[in-house]
Amino acid sequence: MTAIKNLKDLYLDGIKDLHSACKQSIPVTEEMARAAKNADLKSALDASVKGTREGMASMEKLARAHGEDPGGEHCKGMEGLVAEARKHALDARFADEDTQDAAIIAQYQRLAHYAITGYGTLKAWAKRLDLSDDARALDEATAATYEGDETMTKIAVKGGVNKAAM
Ligand SMILES: [Fe+2]
């Protein structure tokens, strides 16, 4: 068990947790992109894999800048979310492809929201710790993940995935 002495330790723990979360969410997002029927959904998932890789690289950079091993944590939360995504959006048997697309969006958003809450908290702590470069990197990661999440809502609601689902 890691000893947390102060906010900085907690912050670094969070960076490593998110690095692990990003890493674990990539393969399942790629699988969901392959399984998606809607073309906009497919390309949004592909774009989000790219964004997650960037987020992961950013967390790696921050961890290393503080002399930490970015691979030092395993995020159990994301492990659970990935298992849920597999179960509900990939392994379930769907008679209707549009309904599967709706399931994919729902599961993708759970993964994205875990990252958004993580980045947001870490950004606040980075500011408190006067780590302005870190805060900027976390701000960018938050904005990119938010954007991906909103694109997904648009595809579900305006793009017609929910409407097409029977
Ligand atoms: Fe976690």
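Is Tyr114 buried, exposed or partly exposed? I looked up its relative accessibility, which is 25%, so Tyr114 counts as partly exposed. The cut-offs explain the label, because buried means under 20% and exposed means over 50%. I note here that the model is predicted.

**Entry: the iron site**

I turned next to the metal. Which residues coordinate the iron ion? I found Asp17, Cys75 and Tyr114. I then checked the angles among the four donor atoms, and they range from 56 to 140 degrees. The site of the iron ion is irregular.

**Entry: helix H4 and what follows**

How many residues does H4 have, and what should they span? I counted on 1.5 Å a residue, so the 32 residues of H4 should span 46 Å. The C-alpha atoms at its ends are 47 Å apart, which agrees.

Just after H4 I came to Asp130. This residue lies in the loop between H4 and H5. I made a note of that, since most residues other than glycine have a negative phi. Asp130 has 69% relative accessibility, so Asp130 counts as exposed.

I looked up Leu41 in helix H2. Its relative accessibility is 0%, so Leu41 counts as buried. Leu41 and Ala102 are 61 residues apart in sequence, and I read 9.8 Å between their C-alpha atoms.

Ala36 came next, in the loop between H1 and H2. At 5% relative accessibility, Ala36 counts as buried. Along the chain, Ala36 and Ile104 are 68 residues apart, yet their C-alpha atoms are separated by 7.3 Å.

Then I went to Ala137 in helix H5. Its relative accessible area is 17%, and buried means under 20%, so Ala137 is buried. Ala137 and Lys127 are ten residues apart along the chain, with 11 Å between their C-alpha atoms.

**Entry: the largest pocket**

Last, I looked for open space. How much space lies in the largest pocket? I noted about 710 Å³. Its lining has 33 residues. Gly51, Gly55, Ala141, Ala144 and Thr145 lie nearest the centre of the pocket.

Which helices each supply at least two residues of the lining? I listed helix H1 (7–35), helix H2 (39–65), helix H4 (97–128) and helix H5 (132–157). I sorted the lining by residue type as well. There are 17 nonpolar, ten polar and six charged residues.

Note on methods: Residues numbered from 1 in each chain as written. Predicted model: local features only at pLDDT ≥ 70, side-chain atom pairs only at ≥ 80, totals over all residues. Heavy atoms only, no water. 1 Å grid on protein atoms, 1.4 Å probe; cavity = no way out; pocket = protein on both sides within 12 Å on 5 of 7 lines; lining within 4 Å. Points joined across faces, edges and corners; volume = space filled by probe spheres on them. Helix = DSSP H or I, 4+ residues; strand = E, 2+ residues; numbered from the N terminus. Nonpolar A, V, L, I, M, F, W, Y, C, P; charged D, E, K, R; others polar. Donors = N, O, S within 2.8 Å, 3.2 Å for Na, K, Ca; no water. Tetrahedral: all angles 85-135°; square planar, octahedral: opposite > 155°, others 65-115°. Buried < 20%, exposed > 50% of the residue type's maximum accessible area, 1.4 Å probe, protein only. Expected span 1.5 Å × (residues − 1).
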